[in-house]
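Subject: Structure handover

Hello,

Here is the structure I said I would pass on. Please have it open while you read the notes below it.

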Amino acid sequence: MTRTLDRKLLRDLWRLKGQALAIAVVIAGGVMTLIIAVTTLDALSGARDRFYASHHFAEVFADVKRAPLGLVERLQEIEGVNLIEPRVQAAMRLSLAGFRDPIRGLALSIPDGRQPLLNRLHLVAGSLPEAGRDDQAVVSDAFAEAHGLVPGDRLEAIINGRRVPLRLTGIALSPEFLYQVAPSDLMPDYRRYAVLWMNRRALANAHGMQGAFNRLSLTLQAGARREEVIDALDLVLARYGGTGAWSRDEQPSHRFIEEELAQQRIQATVLPAIFLSVSAFLLNVVMGRLIQTQREQVAMLKAFGYHDRELARHFALLAGAIVLLGWALGVSLGAWAASGLATIYRDYFRFPEMPFRIPAWALLLSLAIVSLAALLGTWRAVWRAVRRPPAEAMRPPAPQRFRRTWLERLLPGALLGHAGRIVMRNLGRHPAKASLSVTGIALSVALLMMGAYQLDAVEAMVDQQYRQVLRMDVELTFNEPTSTRALGELRHLPGVLAVEGWRRVPVTLIHGHREERTALLGMEARPQLRQVLDAQGRPQRLPEAGMMLTRWLAESLDARVGDTLEVQVMEGRRQRLALTLTALVDEPLGVGAYLPRRRLNTLLDEGPAISGAWLLVDDAHREALNAALWEMPGVAAIGLLDEAERGIRDYLDETLLLFALIFVAIASSIAFGVVYNDARIALAERARELATLRVLGYTRVEVARILLGEIALVTLVAIPPGWALGIVFSRLLNQAFSNDMFRIPLVLTPQAFGIAAGGVLVASLLVGIMLVRRLNRLDMVSSLKASA
Amino acid sequence: MDDGKEIALEAQGLTRRYRMGEVTIQALRGVDMALYHGELLVLLGASGSGKSTLLNILGGLDSASEGEVRHIDRHGHAQDLGRASQRELTRYRRHHVGFVFQFYNLISSLTARENVAIVTEIARDPMPPETALTLVGLGERLDHFPSQLSGGEQQRVAIARAVAKQPELLLCDEPTGALDFRTGIRVLEVLETINRETGAAVAIITHNEVIGEMTDRVIRLRDGRVDEIQANARRRPACELRW
């Protein structure tokens, strides 16, 4: 419309740059959280979908003990089956020159010299083994990278107790092992876990699977019913030692990525929702106040004959410019942080490519939310300003009703002093305004607290899992169930301080119409190396009859203590048992069903058998122990708990904690933005008053005390409700983040309260320092005179 | 004196009450008055006599509690300001009235020229901002910001801003109130020139008796009522005034 009004707009923006920037920071904080979460989510799921499609990731998997290849033709006839491919798989151990720790691994067959039909390999370097060669293998990319392996390098595998010397021909990624984690581990350990692909004939020979297979992968026809296919497969495979076919949803790598995506999805909704609504609220408040300081200008422009809509447009543009600035800042910082996070995720998920883009809807949505919030705040303030007759708006505001505040009546006057009294009355005069300030700062406290909570909770979760639940140093898994006599042998190995055997069988738990696949873990009646804890963190004894379940698992089965569950054993004789749930187990990581090992042996109609053993080890004899274990052919896998813990801590440090840190940083900036704006507006509103005091002979320090006193008081008052709100936010986050892989405990340490309060106090202090410098420049004469 | 002159603004029985904090103030208690096209008028009164309130109502910035105000333009079209909507009052101010305030009320982020332009851009038949500023003797300081101008200069910018739209009515609220004597005279001279050269009716609020001598008529207000209306046989040039 008018050029001069627009020029005023630009100059106003420049004059208000400090405040505009502070408001922009508040907006940017909200927008950033959304952009980070959405972009990361989009990158992960996009990369996954693309890789799955291009490399024919199977939809259903099944393991059998041993089935003849001829069976495949019959299976192909099952209705709904599209492509089907038999494979040989073998657990193995690897030895690598120059690396002393035990390495676990999985060897998989591929058709001789060719890409498989399903789960095709993405060769990063080298080539597939040549047809007919039984000494060549392709190795997983993460493992190769961890050890600096290149095609041509040699290594030795122990498959089924036999040494197999191998030469690497290639390095590959597979859709089955995007997330490469050893069975029963939670976090990948790329140095100690490997996946190898070998020619079918070579692996079948090494594993005694000539003319047979022990794993199937298949895809489904469009419209096929997955459950029916699985049932049909199970029916056929049962007599070949089938342990029950499973769908992609239960494939470990896929499942982990799903969990990660689910978590990202929550992060992409809960956190931005909280941050954006907080910043929208604050934006609304600060925009409103900013306009209010321009009230006299509004009146004057009205006196000149400007229409309300022209003024509304003017201020809408002012707000719009600030919103756009904040939004652009949020988008670019968000994109920057998200691209940093994407590089970290790339290390965990082995995607050949990770497309990185910001979805248009996220841009539009965030812009719409912040614009709406800003316009709402602006509109209310502009409306208030234009609605009043201009003469009234131009009159110096009438002296308002002052009262002694109740606090003043409580505190002796001497304690408050002049400055204190002015502060108290200023706040008391505008209770609504004061409570908005308090709310704004309290929200910042709450955001900070939520960030700090994540840091603490993750730490507490890992501590609980590795200090209280998993107390062993080494977990051995045997090739097959072994007599408990093996325990005696293990006890005499160098450095072994304690040994406990365990028996594990895969089961499906059924309660009503709910089903969960998990494992029954049989342990000592009072396990020392692997504890089961109650809600108070106290170790429990295993029940003589019945079983215990992880609380999360029981809840997802809708089972209560005292209920009887059906337990379908998925291997061996596939017994169907009925077990009573006797108690719940509280553990932060993983889920399981627990009962005494002897009782499990009885239920399975077997002698005293164990699937593996836990060892407590004297660190000084670590190497000797490793060497001895290496020589034991019955040991399929050696898991080192301290390595696992380090892995999980590294992972959490790099992902969750980085996220939390970013959010703490955003929350701090928001806190600063809010306090700064509050203070600047307080200064604008009080300039005349403060200048008068200066004219009357008050010193700078005395005048500063009034203004800073107000900021300090508002901040202090805001902290307790901020904490309360922080607890609510944390609880919300805690509930949203629980899944069957891990449950973050709701621990709020004094540190979290400290960070939350400290954050806003530091922000207030900074603002105070900036304000004192501004106060020093306060022009007494012109403040008294000028009314616009 | 009134003969042959056309009424520009006419008020009858104006009263105005408003609340100021906890007290109700009766600012006007039944004012009858008129402002003629082309005349120079002073509304004289002590603080609290109701003169600012009257000016605000005449300028369409405020509404009376009771009574009537009519505006009759040069073409004889009459408008009842008491019954006008906010939109109509806005149009009235936009096209017919120029304001000068005691504290100038310039927009500090705009230069002198832009402060005038902000009004000329929405006016129907304005003079160029440069002309208006030359008229008040500021042709040389077009691109100065308010902070770079003295009080008198700022007030002259405010006057240029008010007259640039070539209003029929120029309403000035204590235009010299914040200025020293010499600067005040300079501002009054400008108002005199404006009145002479543009034919705008100029109403000046002041509590300074002396200013009354330069005008056609003086209306004295006391305690919210018209106390006396005095017509001057001769307008004394502003440059001769002393106080």
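What share of the contacts in chain B with a separation of 6 or more is accounted for by residues 24 or more positions apart? Such residues account for 69% of them. Bear in mind that this is a predicted model.

Chain B

Chain B contains six helices and 10 strands. Of its 243 residues, 51% count as buried.

Six of the strands make an open sheet with mixed pairing, in the order S6-S7-S8-S3-S9-S10 (chain B). The edges are taken by strand S6 (97-100) and strand S10 (225-231) of chain B; each has a single partner strand, so one side of each has no neighbour in the sheet. From one strand to the next, the twist averages 20°.

At one end of that order, strand S9 (residues 217-222) of chain B runs antiparallel to S10(B), and six bridges join them. Arg217(B), for example, has Ala231(B) in S10(B) as its bridge partner.

Helix H5 (residues 151-163) of chain B has 13 residues. From first C-alpha to last it reaches 18 Å, close to the 18 Å expected at 1.5 Å a residue. The helix is mostly covered, with 12 of its 13 residues buried. Among the buried ones are Glu153(B), Arg156(B) and Arg161(B), as well as Val157(B) and Ile159(B).

Chain A

Which way do strand S13 (residues 496-511) and strand S14 (residues 514-523) of chain A run, parallel or antiparallel? They run antiparallel and are joined by nine bridges. Leu509(A) has Glu516(A) in S14(A) as its bridge partner. The two strands form a hairpin with two residues between them, and Gly512(A) in the turn has a positive phi of about 65°.

S14(A) is also joined by four bridges to strand S18 (residues 593-596) of chain A, and this pair runs parallel. Here Leu520(A) stands opposite Ala593(A) in S18(A).

Last, a pair of helices. Two packed helices are described by the angle between their axes and the distance between the axes. For helix H14 (residues 431-469) and helix H21 (residues 700-737) of chain A, the axes come within 6 Å and cross at roughly 45°. That angle makes H14(A) oblique to H21(A). Their crossing is right-handed.

Regards

Methods
Residues numbered from 1 in each chain as written. Chains lettered and ligands numbered in written order. Predicted model: local features only at pLDDT ≥ 70, side-chain atom pairs only at ≥ 80, totals over all residues. Pairing = 2+ DSSP bridges. Axes fitted to C-alpha atoms, helices over the stretch in contact; angles between N-to-C directions. Expected span 1.5 Å × (residues − 1). Buried ≥ 20, exposed ≤ 12 C-beta atoms within 10 Å, placed from the backbone. Parallel < 35°, antiparallel > 145°, perpendicular 65-115°, else oblique. Left-handed = near helix turned anticlockwise from the far one by under 90°. Contact = placed C-beta atoms within 7 Å.
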